[in-house]
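Subject: Structure for you to look through

Hello,

Here is the structure I said I would pass on. Please open it first, then read the notes below it.

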Amino acid sequence: MAAVTALSAPQARSQQPTMAELAARRVSSGTRSNRQSKRYSVTALYVSMSTAEHDVDVDDDLARAQKRLRDFKAKISAQSKKNFLLERDVRYLDSRIALLIQNKIALEEQAEVTSRLDESDLQDGTILDHRKVDSYGNLFFLLQTEPRYIATLCRLISIAEIDSFLQTVMFTIYGNQYEQREEHLLLTMFQSVLASQFEAATEFSSLLRANTPVSRMMTTYTRRGPGQSYLKSVLSEQINDLSGHLDLDLEINPLKAYEQVYAEALKRANGNADHVDMQKSVSAEDAAVNAEVLETIRPRLSTLLTVANSILSKIIDSLDLVPYGIRWICKQIRSLTRRKYPSTEDSAVCTLIGAFFFLRFINPAIVTPHSYMLVDSLPADNPRRTLTLIAKMLQAVANKSTYSKEPYMASVSAFVDGNKVRMNKFLNDLCDVPDFYETLELDQYVALSKKDIILSITINEIYSMHALLEQHVSTLSPDKSSHLSVILRDVGPPPALLPRSENFTLQLPLFSRFEAQIEDLGAALDITQADVLFMEAKSLLIQIIRSLPSSGLVSARPLDLHSIASLAAATPKDPVLAKKGIRALGLLKELKGHNILQDMTSDSNPLAEEIAEELAQLGSIREKVLGEVQSLESVLRTIKDHNEYLHSQLETYKSYLRNVRIQSGPKKSSVNDRVGLIAIHGKGRKEPKTQYLGPYKYSQHALQKEGVITVCNVPQNRVNNLYFYISSPTPGTFVVSLNYKGRIRGLLELNLKLDDLLEMIGNGVEVLDLEYVVVNVPGMLEFLQRQFSRRRW
């Protein structure tokens with residue numbers, strides 16, 4: 001659906017349904033007139049435009065509960081972003097340590113990585129001038145309200161860029177996880193991304209299963225506040241109960257069970273293998289037919305099936321608790337599958353829905369419950385293995401799997417076959433949710449009429465998104481007169497990212513420079529002046545009644561609206577309430593002038609009737625809000641606990657690196673201890689000052705002989721004039737300069753870090769093309785290690 005902001009108000013009225021048409025769709029009762037139905041529909045619109053002001057003025061139990069609810073939602077959104085950033089840092093440092101340990105070099109350079117990960121809350125501020133702020137406010141309003149740009153970027157970026165991209169999209173541009181307009185725009189973006197995925201698909205079996213930026217985005221979406229709340233309410237109790245049974249071993253792999261049986265037999269024989277009537281090792285096939293193994297597995301399998309059925313039943317019974325956005329994505333998957341493959345059976349369609357709901361949402365939480373904040377500590381070995389088996393069983397039911405890869409899982413085929421029908425029904429029922437396009441249309445109009453939409457965003461998030469847009473603008477917007485192209489030209493080239501310590505958070509005002517602000521919202525939405533008066537009077541009188549002390553006047557039916565407004569207007573001790581009462585009296589008079597209200601005390605007074613209906617619902621609304629507050633309070637507490645856990649992980653890593661540096665400092669050690677290590681100086685002792693090593697000169701022939709250079713693109717008659725200078729200004733950092741005899745300036749200069757070389761090797765990158773020569777990455781790594789470790793020691 002094209003965003004409403006792309007249309008002027010007259011265009012929108014000609015292409016979109018009128019408010020009367022929207023009202024007719026929503027109101028099922030035939031007792032009200034069309035005018036009354038329309039007023040009833042647009043009340044929500046009026047309230048959405050002025051909720052903040054109303055809640056400040058009304059101070060009853062419901063208003064206080066709603067304020068607490070909004071506070072919790074805002075805190076969860078902010079804390080979720082902090083956790084996402086910490087998890088990214090933990091993954092980064094974890095991968096670097098793994099590479100460095102694996103190669104046993106350059107551990108000292110981790111001091112730089114560690115300092116880069118020093119986490120502190122970002123400070124508010126700005127280094128942008130007003131013109132830049134306005135330009136970026138325009139840019140991010142366009143990105144937020146035109147999700148197709150982000151959807152296209154999602155298909156263009158690399159896996160290496162996905163984390164920073166997801167940070168900006170999921171936790172900043174659409175970071176208010178409980179705000180209806182942002183959520184609906186985000187889902188519109190998902191629809192575009194999924195449509196492109198299906199359009200580009202060549203095989204049905206590969207859909208939604210590969211690890212792509214799109215799949216990472218979908219997984220990240222499920223881990224936002226609403227998804228986390230659902231997982232905690234549905235899975236936490238049973239997983240915690242299972243984790244408490246440390247000795248409950250439900251292993252059903254015959255080969256592993258055989259090892260356990262043999263170990264028990266050896267224990268009974270006091271460790272004497274000659275007294276054990278079993279071979280120490282057998283094939284998987286032999287283990288699967290061993291009588292003792294079968295006897296061991298039989299009760300385990302029965303218990304495992306019971307536990308898996310219990311968890312599956314809990315998930316199926318939780319249909320109404322599944323967040324709307326996750327269900328809506330399931331609906332799009334079903335719709336797109338049927339459109340792309342119209343002859344596909346319903347069970348096959350359900351496997352794709354299951355690939356998202358179970359593979360990307362449910363099962364990761366079951367397998368790693370600590371990462372999803374469902375348990376307080378890592379489960380022990382036995383519970384962890386049980387959870388893995390249960391996740392495999394649930395995925396098998398969703399996939400209709402035949403277990404070709406793991407023959408031993410055929411023993412749970414009864415679970416798969418027995419649950420296929422109810423699993424299919426559950427996955428189809430997930431898709432049965434209404435669309436939101438009409439609501440989004442109203443939200444977009446409201447956004448155009450507001451002047452206080454603020455985005456809390458860091459400077460580096462702005463610069464990173466700017467760089468991505470600039471890089472892909474020819475694909476995103478080939479038309480140079482488009483709004484995106486115009487804004488990017490105005491804002492100029494993307495600046496370089498700031499150091500972490502200078503990366504302030506900016507409160508960025510969002511607005512559109514291309515659309516006229518809608519001053520007359522009633523005209524834009526085909527609402528008459530009488531409709532606007534009616535809904536304002538209704539909202540205002542409800543506030544007054546909620547603010548007045550309980551009395552016969554406010555509890556009597558039919559409501560005497562004129563007397564209620566007069567009572568409020570005559571309240572000298574509450575000037576705000578008095579002001580509302582005066583305004584309400586004026587509105588009632590105007591409505592009477594429009595021939596809408598005649599007798600204010602009549603049983604047929606439509607305004608009094610609708611006010612009474614909404615007041616009657618306030619009690620149940622309050623209970624619902626209080627229940628949601630309690631649930632979100634628990635979610636926020638869990639997210640904060642996870643934040644502390646992530647901080648502790650970072651501190652553990654940093655402590656580990658410090659210890660490694662201390663233990664690896666200059667000392668009397670064997671040659672074997674020193675081989676492969678580049679000088680690492682420990683703390684707390686006298687240590688030599690870090691040397692600047694080099695530059696050392698190498699000929700092209702020497703480096704080719706060492707396996708560093710694989711291809712030389714310099715003419716043969718000039719190769720003898722080619723040479724390299726290599727220096728190491730700090731441990732783990734190298735400067736490689738390519739020079740030509742007779743030239744004052746080098747042909748090129750390359751800055752290398754050892755962990756970057758390690759990461760290249762880990763990612764399968766074997767060569768670096770430097771135009772004049774092609775460098776072999778493993779050869780370069782080995783050469784640097786050998787040459788510079790020798791010189792340092």
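Does Asn363 count as buried or exposed, and at what relative accessibility? Before the answer, two notes on the source. This is a predicted model, so local features need pLDDT of at least 70 and side-chain atom pairs count only at pLDDT 80 or more, while totals for chains, interfaces and linings use all residues. Residues are numbered from 1 along each chain as its sequence is written, and side-chain values use heavy atoms, with hydrogens and water left out.

Asn363 has 6% relative accessibility and therefore counts as buried (buried is under 20% relative accessible area, exposed over 50%, partly exposed in between, with a 1.4 Å probe and protein chains only). Asn363 lies in helix H16, residues 346-367. Helices here are DSSP runs of H or I with at least four residues, and strands are runs of E with at least two, numbered from the N terminus. Apart from neighbours within four places in sequence, Asn363 is in contact (heavy atoms within 4.5 Å) with Phe358, Ala391, Leu394 and Gln395.

Helix H16 also packs against H11, at an angle of about 50° and with the axes 10 Å apart. Axes are lines fitted to C-alpha atoms, for helices over the stretch in contact, and angles run from 0 to 180 degrees between N-to-C directions. H11 is therefore oblique to H16 (under 35 degrees is roughly parallel, over 145 roughly antiparallel, 65 to 115 roughly perpendicular, and the rest oblique). On the H11 side the residues are Gly227, Tyr230, Leu231, Leu235 and Ile239, and they meet Phe357, Phe361, Ile362, Ala365 and Ile366 of H16. Of the residues in this contact, nine are nonpolar, one is polar and none is charged (Ala, Val, Leu, Ile, Met, Phe, Trp, Tyr, Cys and Pro are nonpolar; Asp, Glu, Lys and Arg are charged; the others, Gly among them, are polar).

H11 (residues 225-243) has a crossing with H17 (residues 381-399) too, where the axes come within 9 Å at roughly 135°. H11 and H17 are therefore oblique to each other. Ile239, Leu242 and Ser243 of H11 make this contact with Pro383, Thr386, Leu387 and Ile390 of H17. That gives five nonpolar residues, two polar and no charged.

For the whole protein, there are 31 helices and nine strands. Buried residues are 50% of the 793 residues.

Regards
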